[in-house]
Amino acid sequence: MPKREIEGDWVLGWADRKRATMMPSKDEQGRVVYARTPILDLEGLITPVEASYIVAQLAMPEPVHPDDWRLRLHGRVERPLDLDLEALRRLPGRTVRAVIECAGNDSEFFEYLKDPVGRRKPSLRVKQNETGSAWAQVDKSRPLPDMKDVFDAIPSSNLVSGGEWTGVPLRVVLERAGVKPGVAGVRFRGWDQGKPDPIAQYFSVGRTDFAVHDPGVIHFEKALPIAKAMHPDTILAWAHNGEWLTHVHGAPLRLIVPGWAGNWWVKWIEEIEVVDRLPELYYQTHYFVLGDSPDDPDKRMLTAMGVKTLIVSPRDEDSPLPRGEHAIRGLAWSGEGKVVRVEVRTDGGSTWDDAHVEESPDRWLWVRWSYLWKAERPGDYRILARAYDETGRMQPQTPANFQRKHFDGIVPEFVRIE
Ligand SMILES: Nc1nc2c(c(=O)[nH]1)N[C@H]1C(S)=C(S)[C@@H](COP(=O)(O)O)O[C@H]1N2
Ligand SMILES: [Mo]
């Protein structure tokens with residue numbers, strides 16, 4: 001493997017390695033609205049807060065001081081609640097380590113896999129001078145920017161991070177309120193507001209020749225089905241990686257929905273309502289849906305993620321490599337629990353070998369895996385990896401879908417051995 005540079009500050013007398021940093025995109029007011037995790041520069045399982053990806057669908061809201069914040073819980077409950085952060089922190093808590101992945105992460109790879117040899121591969125290398133990487137930066141005063149610029153400008157990879165989230169199970173709070181029988185779910189409202197940008201839909205679908213539903217100015221809202229809401233690992237979190245949650249990630253309180261895509265993890269929560277039936281919500285009924293086309297009358301909400309692995313090393317751009325032993329390394333995760341097995345194929349034939357999967361107590365976090373590859377003969381190799389989860393699901397699980405969500409395909413790495 002190529003030697004990574006050692007540079008930067010001297011820490012305790014030792015040359016510190018390069019820190020993993022992001023180049024966040026900002027809106028006209030200078031607020032950070034988008035950032036991608038430098039996944040190839042990280043070791044271990046927990047992504048530092050400063051390197052955790054950021055997505056805001058509507059306008060980035062003003063921060064609210066925790067002292068000025070309250071949570072209102074109402075709807076189909078015996079006792080509506082009005083809680084401050086201290087009241088939440090007095091309840092029996094829970095810490096969950098979990099991967100958060102944007103539903104649109106790696107969407108361009110759907111097209112790439114149709115012709116991996118002929119097409120340009122989307123890169124997972126986050127560049128230091130990355131600009132223009134979000135539609136938030138596109139001039140909104142124009143009715144519709146040149147979509148070619150948009151399609152070219154927005155990489156949708158690297159929208160995945162691993163984190164440790166501390167809070168209280170949603171279930172504990174719901175039980176205090178006393179949920180009435182027969183409810184369908186729980187609606188969450190963030191205090192961020194705005195008009196959903198149709199460009200997000202156009203970009204997701206990859207074309208502009210269809211009508212996008214216009215709900216007007218709305219809050220970011222989701223309605224979580226009751227079974228997932230009652231899962232003990234679904235928590236209301238105020239801390240991230242051992243520190244208070246930061247504003248861009250939803251402070252003072254956000255929802256953690258392990259296994260389900262990022263859009264379920266509602267940030268900046270101000271209101272929770274227990275509902276009899278799941279309401280029509282833009283980000284549940286019109287966007288983040290599964291279907292064949294924009295006109296599919298049968299669009300369904302997307303829930304658990306598939307099963308996925310990422311080869312972090314070697315990547316295409318590491319070629320050529322010398323003959324000899326190389327560790328093929330990667331990360332694997334699943335929306336339905338623990339990854340129990342990863343297989344690697346290097347021979348171009350049909351043999352899949354077991355990789356070493358690191359033991360982990362955390363079923364919702366990704367696992368590290370590695371495979372010792374004895375590359376004795378010069379030539380061009382195609383390296384594949386696939387994962388299995390504890391429910392027996394094998395990668396890939398998610399078929400091509402018109403909004404290009406939940407990509408979990410097997411992406412080959414092409415490596416030349418000299
Ligand atoms: N209130 C609110 N919550 C939100 C969003 C939002 O725009 N508003 N974006 C969602 C989406 S699409 C994703 S992928 C995650 C991103 O969380 P992060 O910015 O902490 O990585 O937050 C989700 N929660
Ligand atoms: Mo997302």
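Modeller: We can start with the ligand and then turn to a strand. This is a predicted model, where local features need pLDDT of at least 70, side-chain atom pairs count only at pLDDT 80 or more, and totals for chains, interfaces and linings use all residues. Residues are numbered from 1 along each chain as its sequence is written, chains are lettered from A and ligands numbered from 1 in the order in which they are written, and side-chain values use heavy atoms, leaving out hydrogens and water.

Colleague: OK, how many residues surround ligand 1?
Modeller: There are 19, and the closest are Tyr-53, Asp-192, His-249, Arg-254 and Lys-267. A residue counts if one of its heavy atoms lies within 4 Å of the ligand.

Colleague: Which atom of His-249 lies 2.6 Å from a ligand 1 oxygen?
Modeller: A polar side-chain atom. Arg-254 also puts a polar side-chain atom 2.7 Å from an oxygen atom of ligand 1.

Colleague: And what about Gln-57?
Modeller: There a polar backbone atom is 2.7 Å from a ligand oxygen.

Colleague: Switching topic: why is strand S19 largely enclosed?
Modeller: Because 8 of its 11 residues (324-334) are buried, meaning under 20% relative accessible area with a 1.4 Å probe, protein chains only. Strands are DSSP runs of E, at least two residues, numbered from the N terminus.

Colleague: Which strand pairs with S19 over 9 bridges?
Modeller: S23 (residues 367-375), in the antiparallel sense; pairing takes at least two DSSP bridges. Gly-330 has Trp-369 in S23 as its bridge partner.

Colleague: How many bridges join S18 to S19?
Modeller: 6, and those strands run antiparallel. Val-307 stands opposite Ser-334 in S19.

Technical notes: Buried means under 20% relative accessible area, exposed over 50%, partly exposed in between (1.4 Å probe, protein chains only). Helices (H or I, at least four residues) and strands (E, at least two) are DSSP runs, numbered from the N terminus. A polar contact is a pair of N or O atoms within 3.5 Å; within protein, one must be able to donate a hydrogen and the other to accept it, and residues adjacent in sequence count only if both atoms are side-chain atoms.
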